[in-house]
Amino acid sequence: MSNDRIYYRKLIDLKYDFDRKELVLQPEYQRFFTWDIEKQSKLIESIILGYPLNPLHLSEEPGGMEVIDGQQRLTTVFRFIDNKFALTKLRQLPQLNGKSYKQLDLQLQKAIMNYSIGIFPYNGEDKKLKFEIFERLNCGATTLTPQELRNAIYHGPYNDLIKRIASLIS
């Protein structure tokens, strides 16, 4: 497939491919899994709420697929489905705090497994392109400052007033 088309797959299908070793999460150029339990929980909460996630970038290799970008997200989902952690510090679904996948009701388990995520496919034979995509996706991000994060979370007239006051001072 060319890299100009995005397609969608359900998490249940990606998990099936992973279990059959047809989806490699950590090729040699990938970093190790780094997300803490809060970040993992927030991702699972986003899936349950039906929020969109960034698409995965996968290299189509002779024996299956290899993750170029999305390893942290997929590892989190697969760890949760395998009951490796319980949800914690959820803000929108606090009633799920302390629950692992198998402790969720069947409807929520199905919502997770049937969640569709976008995939950008790349031809694995083009090694230069694969590493170029990896480098560009993983080296260009700038972390939000604490104030930028507060502006995104706490918006409204009070925050607007604080920004106006701050602009007068600087």
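Visitor: What makes L168 count as exposed or buried?

Guide: Its relative accessible area decides. This is a predicted model, and in it L168 has a relative accessible area of 73%. Exposed means over 50%. The value for L168 is 73%, so L168 is exposed.

Visitor: Where does L168 lie?

Guide: L168 lies in helix α7, which covers residues 157-169.

Visitor: Which residues make the nonpolar surface patch?

Guide: L161, I165, L168 and I169 make it. The patch comes to about 450 Å². Patch residues must have over 30% relative accessible area. L168 has 73%, so L168 passes that cut-off.

Visitor: How do you know whether L23 is buried or exposed?

Guide: Buried means under 20% relative accessible area. L23 has 3%, so L23 is buried. Its place is in strand β2.

Visitor: How far apart are the C-alpha atoms of L23 and M65?

Guide: They are separated by 4.8 Å. Along the chain, L23 and M65 are 42 residues apart.

Visitor: How much of the protein chain is buried?

Guide: Buried residues make up 38% of its 170 residues.

Visitor: What secondary structure does the protein chain have?

Guide: Seven helices and five strands. Along the sequence, the pattern reads β-α-β-α-β-β-α-α-β-α-α-α.

Visitor: Why is the pair E22 and R20 called a salt bridge?

Guide: Check the distance. A salt bridge needs a side-chain nitrogen of Lys or Arg within 4 Å of a carboxyl oxygen of Asp or Glu. The side chains of E22 and R20 meet at 2.9 Å, N to O. That is within 4 Å, so the pair qualifies. In general, side chains of opposite charge can pair when their charged atoms come close.

Visitor: Why are E22 and R20 called partly exposed?

Guide: Buried is under 20%, exposed is over 50%, and partly exposed is in between. E22 has 27% relative accessibility, so E22 is partly exposed. R20 has 45%, so R20 is partly exposed too.

Visitor: What makes E38 and K89 a salt bridge?

Guide: Their closest N and O atoms are 3.2 Å apart. The cut-off is 4 Å, so the pair counts.

Visitor: What does the pair of E38 and K89 tie together?

Guide: E38 lies in helix α2, and K89 lies in the loop between α3 and α4. So the pair ties together parts that are 51 residues apart in sequence.

Visitor: Are E38 and K89 exposed, or partly exposed?

Guide: E38 has 39% relative accessibility, so E38 counts as partly exposed. K89 has 57%, which is over 50%, so K89 counts as exposed.

Visitor: Where is K21, and what is its phi?

Guide: K21 is found in the loop between α1 (11-19) and β2 (23-24). Its phi is positive, at about 65°, and K21 is not a glycine. K21 has a relative accessible area of 69%, so K21 is exposed.

Visitor: How do you know that D69 and R73 form a salt bridge?

Guide: Their closest N and O atoms are 3.0 Å apart. The limit is 4 Å, so the pair qualifies.

Visitor: Are D69 and R73 buried or exposed?

Guide: Take the 20% cut-off. D69 has 15%, so D69 is buried. R73 has 12%, so R73 is buried.

Visitor: Which residues do salt bridges that share partners join into one network?

Guide: K15, D19 and D82. The structure holds six salt bridges.

Visitor: Which residues lie nearest the centre of the largest pocket?

Guide: W35, K39, L43, N54 and R73. The lining has 34 residues, and the pocket has a volume of about 1,200 Å³.

Visitor: Which element gives the most to the lining of the largest pocket?

Guide: α2 does, with eight residues. Elements that each supply at least two residues include β4 (64-69), α3 (71-81) and α5 (127-139).

Visitor: How many nonpolar, polar and charged residues does the lining of the largest pocket have?

Guide: The lining has 13 nonpolar, 11 polar and 10 charged residues.

Note on methods. Residues numbered from 1 in each chain as written. Predicted model: local features only at pLDDT ≥ 70, side-chain atom pairs only at ≥ 80, totals over all residues. Heavy atoms only, no water. Patch = residues over 30% accessible without salt bridge, like charges linked within 9 Å, V, L, I, M, F, W, Y side chains within 5 Å. Areas by Shrake-Rupley, 256 points an atom, 1.4 Å probe, with all protein chains shown as cover. Helix = DSSP H or I, 4+ residues; strand = E, 2+ residues; numbered from the N terminus. Buried < 20%, exposed > 50% of the residue type's maximum accessible area, 1.4 Å probe, protein only. 1 Å grid on protein atoms, 1.4 Å probe; cavity = no way out; pocket = protein on both sides within 12 Å on 5 of 7 lines; lining within 4 Å. Points joined across faces, edges and corners; volume = space filled by probe spheres on them. Nonpolar A, V, L, I, M, F, W, Y, C, P; charged D, E, K, R; others polar.
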